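Morning, everyone. Let me put the model on the screen, and then we go through it.

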Amino acid sequence: MRYLVLSDIHSNIDAFNSVLSFFKRKKYNKILFLGDLVGYAAAPNQVVEKFRSLKNVLYVRGNHDKVCSGIEKGNHFNDKAKAAALWTMKKLTRNNLNFLKKMPQGPLEVNNDILIAHGSPINEDFYIFSDFDAYQIFMQTNHFITFIGHTHLPIVYEFDGEDVNGFFLRDRMVIKLDRKKRYIINPGSVGQPRDRDPRASAIIYDSKLDKIYAYRINYNINKAFDRIVKERLPIHLAIRLGYGV
Ligand SMILES: [Fe+2]
């Protein structure tokens with residue numbers, strides 16, 4: 001089975017469309033989506049509608065999906081994220097808003113080997129930023145792979161039963177997984193990468209070969225930038241796309 005693993009699209013339809021057309025050629029059987037369809041950028045309805053049209057998708061909600069649909073207030077959001085969330089809530093059609101409200105809370109077990117979650121399987125809002133953060137999660141789970149998003153950083157944490165080793169995924173990296181180890185893997189963000197590479201980030205997991213294939217995909221950042229400016233969302237949200245931060 002080939003899984004396309006995506007996370008943190010954040011209303012960036014230009015990035016999302018480019019990723020989907022890129023992976024059409026790579027072939028996959030299922031999509032695993034790790035949350036944050038909306039928030040930040042300027043095309044929430046387009047992204048939700050495109051997402052809803054896809055087949056064979058397993059998914060969990062993200063923190064922005066909660067705040068933008070009114071499930072949570074977002075008191076912990078910074079001013080720019082909050083402004084974008086309020087704008088998104090107003091802009092969403094009733095259908096799309098209802099869809100977001102019904103997105104399932106993680107973690108979701110895909111099968112005996114694979115778990116998906118937004119921030120972490122223990123707490124969907126928790127950020128796994130370090131080997132120690134990952135270690136704590138390994139201690140409380142037993143799946144071969146846990147896919148997470150939320151930090152917008154493409155990273156693999158491998159656990160040999162004693163130590164955690166974390167390393168960044170770069171474009172075209174291929175990682176052969178070791179069945180004697182366990183993994184927490186973040187595919188990075190489709191719509192707002194933060195590792196100083198502005199290209200959209202996504203991975204394929206081939207469960208037959210036990211390999212991870214990392215990709216960075218170019219998309220029309222100027223178009224995403226212009227949409228944000230046109231809707232008078234905070235300009236910072238447009239500028240950061242060009243820097244990948
Ligand atoms: Fe996010």
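Predicted model: local features only at pLDDT ≥ 70, side-chain atom pairs only at ≥ 80, totals over all residues.

Numbering starts from 1 along each chain as its sequence is written, and side-chain values use heavy atoms, with hydrogens and water left out.

The sheet. Six strands form an open sheet in the order E3-E2-E1-E11-E12-E9, with mixed pairing. Strands are DSSP runs of E, at least two residues, and helices are runs of H or I, at least four, numbered from the N terminus. Two strands pair if DSSP finds at least two bridges between them. E3 (57-59) and E9 (174-176) are the edges; each has a single partner strand, so one side of each lacks a neighbour in the sheet. E9 pairs with E12 (residues 211-217) in the antiparallel sense, over three bridges. There, Ile-175 stands opposite Ile-212 of E12.

Now the helices. H1 (residues 13-26) lies across E1 (2-6), E11 (200-206) and E12. Contact means heavy atoms within 4.5 Å. H1 runs at about 135° to E12. Axes are lines fitted to C-alpha atoms, for helices over the stretch in contact, and angles run from 0 to 180 degrees between N-to-C directions.

How do H1 and H2 (residues 44-52) cross? Their axes come within 9 Å, at roughly 25°. H1 and H2 are therefore roughly parallel, the term for angles under 35 degrees. H1 brings Ile-13, Phe-16, Asn-17 and Leu-20; H2 brings Gln-46, Val-47, Lys-50 and Phe-51.

Terms used:
Parallel < 35°, antiparallel > 145°, perpendicular 65-115°, else oblique.
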